[in-house]
Amino acid sequence: MGNFKLPRLLIVAVIFFIVVTVLSLDQVYILNGYFMVIINRCMIFVILASSLNLINGITGQFSLGHMGFAAVGAYVSGTITTLLLKLPPPPPGFAISGSMFIFVVAILVGGISAAFVGFLIGFPSLRLKGDYLAIVTLGFGEIIRTILNNIDYVGGPRGLLGIPKFSNFTSIWAFTLLTIVLLRNLVQSSHGRAMLSIRENELASELCGIDTTRYKVMGFVVGAFFAGVAGGLLAHLLQIAHPTQYGFLPSCLVLIMVYAGGMGSMTGSILAAFCLTFLTEGLRVGIDALPVFTFGATTFRIGTEWVMVIYSVLLVLIMLFRTEGIMGMREAKLLIIEEKKK
Amino acid sequence: MGELFSLQQLVNGLQLGSIYALIALGYTMVYGIVRLINFAHGDFYMLGAYAAYAAFFLFNAYIMPGNVFVFIVLIVAMIGGAAVAMLANRFAYKPLRYKPKLSSLVTAIGVSMFLEYFCSALPVIGPSPRGFPEILPKVMWKIGSAQVSNYVVIDLVVAAALMAGLTLLVQKSPLGRAMRAVSEDKDAAKLMGINVEGIISFTFLVGGAFAGAAGLLAGLTYPRITPYMGILPGLKAFISAVLGGIGNIPGAMLGAYIMGIAETTANAYNSLLGEGIAFVILIIVLLVRPTGLLGEKTADKI
């Protein structure tokens, strides 16, 4: 074990963790609560984008309802923790570790439920060639929203309120790191190569003996699992799960991250998740600062609704002029597993 | 909760089915020719409704409300839908024609988002719903146990006339023959001297015009229009097209009417089921008969 090296990814992640923690200390207070919320959102979007990247980028399928799985995760884990909170409080000393344990279990159960739903809708549509997954997931995203709007037990259109605030920087960081490591290992394993071959040419990979349906479903279910985890984290961060948070258009935002970052590049997804989350906030602040135009009697104000107009144009322009996205297929070195020399 | 099976339900179902049919035809024609799910198609329908809305207020002062007026508004709605469809094809889909298919799909999503957000950001349209004006005075007749308004008649007649026209166009005219040739084999069609890009553009024109007409009919029937009104009907119309066999024109009409009747029936039973029935149908079709009711099985060429 003399030449044991810490993986570079872990070093970078720990440095990021220490820097942000120090900057957000009350004594330093460079990063205030507002920034911390944005950073936490960034990391949740990293999970969402890199898991969608597994489906859309690596396996070459086209899922449009990623936020639908996040909704499943959010509602399931949120219901579990709110229910357990109503139980009589545990004896003192047990409380902290107990609630942390419940949180992790709830998040994982949320992820597993999302994966199960992913299997249910992925299996019929992924057996077939073509774009059926796109339309099924688009439908699913809308259906899940309608269902949530109509179940009074989880709040209906009011949303699920009173979720305990279990997510914090540390837990989200840990889940994000875990997601990145697991997805990286999956993509660079033989399973991941099988998925890549489906993207490149489904027919050829089938002729090479790859069970394409199995791998497509596998990629989809794993992606749905992590989306569920991200949804759970988001619900425990914002302390509310609301049907409108998980509609078609938020799913499109994640989609833009994947394609802007580069189809199939995890580095790209991570970068794009960070950049676009910050850019959204920046644009919101910037647009609010714009003056009000006046034409005669009518005043015309550019509002924050233009942010999404800008993003949709951005998506079309990326597709037209740089189809492969910012990073293309390249990965940063720290996301590549070095092969052992024999 | 109304009666599950009654003449009234059938009438409502046919009315909804007519609207779905007009949208589904555009989906299926575009898919048949360029193998692209044009996600923005539901937004052409939305723009058609807004074009009709604008036309009503532009011409209201000059023309007496009546059937002629409806006809003029219909033409404007169709022109509106067709123009946007052709623009989207020219600027977003055409440059990507020979790139990987996934990029066209992403672009289609981008175009759809752009149209929705742009319309809701534009001050003249805005995000809040608008009430669609009553272009015609509503007249109710009683046929058997069902209440039938003149709007139902307009919906059914306009849809039937347009579909009959389309069938004639595709089956009998030289242009239709060219369309069928392009959908069969693009390269061979090009070698036969067919202007493939022109045909594709014409397909978008027809599809957009039909979606625009559907927008007017929807505005008349369910008088509330919003920039996001196209998402769900677009989805359901697409499912109708899959149900009938994607790429197949009579299939799209059949699927749309089945979908309309299924939805109104399910809605009478339970509104949640009414929202979800399209999705259930889609999953069943994909499991049981992925080629759709009238579709043919195609084999991959190696």
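Residues are numbered from 1 along each chain as its sequence is written, and chains are lettered from A and ligands numbered from 1 in the order in which they are written. Because the model is predicted, local features need pLDDT of at least 70 and side-chain atom pairs count only at pLDDT 80 or more, whereas totals for chains, interfaces and linings use all residues.

Chain B comprises eleven helices and four strands, where helices (H or I, at least four residues) and strands (E, at least two) are DSSP runs numbered from the N terminus. The C-alpha trace of chain B spans about 60 × 45 × 40 Å along its principal axes. The radius of gyration of chain B, 19 Å, agrees with the value near 19 Å for a compact globule of 302 residues; the radius is taken over C-alpha atoms, and the globule rule is 2.2 Å times the number of residues to the power 0.38. Of the 302 residues in chain B, 53% are buried. A residue is buried if 20 or more other C-beta atoms lie within 10 Å of its own, exposed if 12 or fewer, and partly exposed in between, with C-beta atoms placed from the backbone. Among contacts in chain B between residues at least 6 apart in sequence, 78% join residues at least 24 apart, a contact requiring C-beta atoms, placed from the backbone, within 7 Å.

The contact between the chains involves 37 residues from chain B and 34 residues from chain A. On the side of chain B that touches chain A, helix 4 (101-121), helix 9 (231-244) and helix 11 (271-288) of chain B each supply at least two residues. Helix 4 of chain B gives the most, with 14 residues. By class, this side of chain B has 29 nonpolar, five polar and three charged residues; Ala, Val, Leu, Ile, Met, Phe, Trp, Tyr, Cys and Pro count as nonpolar, Asp, Glu, Lys and Arg as charged, and the others, Gly among them, as polar.

A:Q239 lies in the loop between helix 9 (212-238) and strand 2 (240-241) of chain A and is partly exposed, because 16 C-beta neighbours lie inside 10 Å. B:R35 is placed in the loop between helix 1 (7-34) and helix 2 (41-59) of chain B, and is partly exposed with 15 other C-beta atoms within 10 Å.

Chain A has a mean pLDDT (the predictor's confidence in each residue, from 0 to 100) of 85, and 91% of its residues reach 70 or more. Among the elements of chain A, helix 9 has the highest mean pLDDT (94) and strand 4 (residues 298-300) the lowest (64).

Notes. Contact = placed C-beta atoms within 7 Å.
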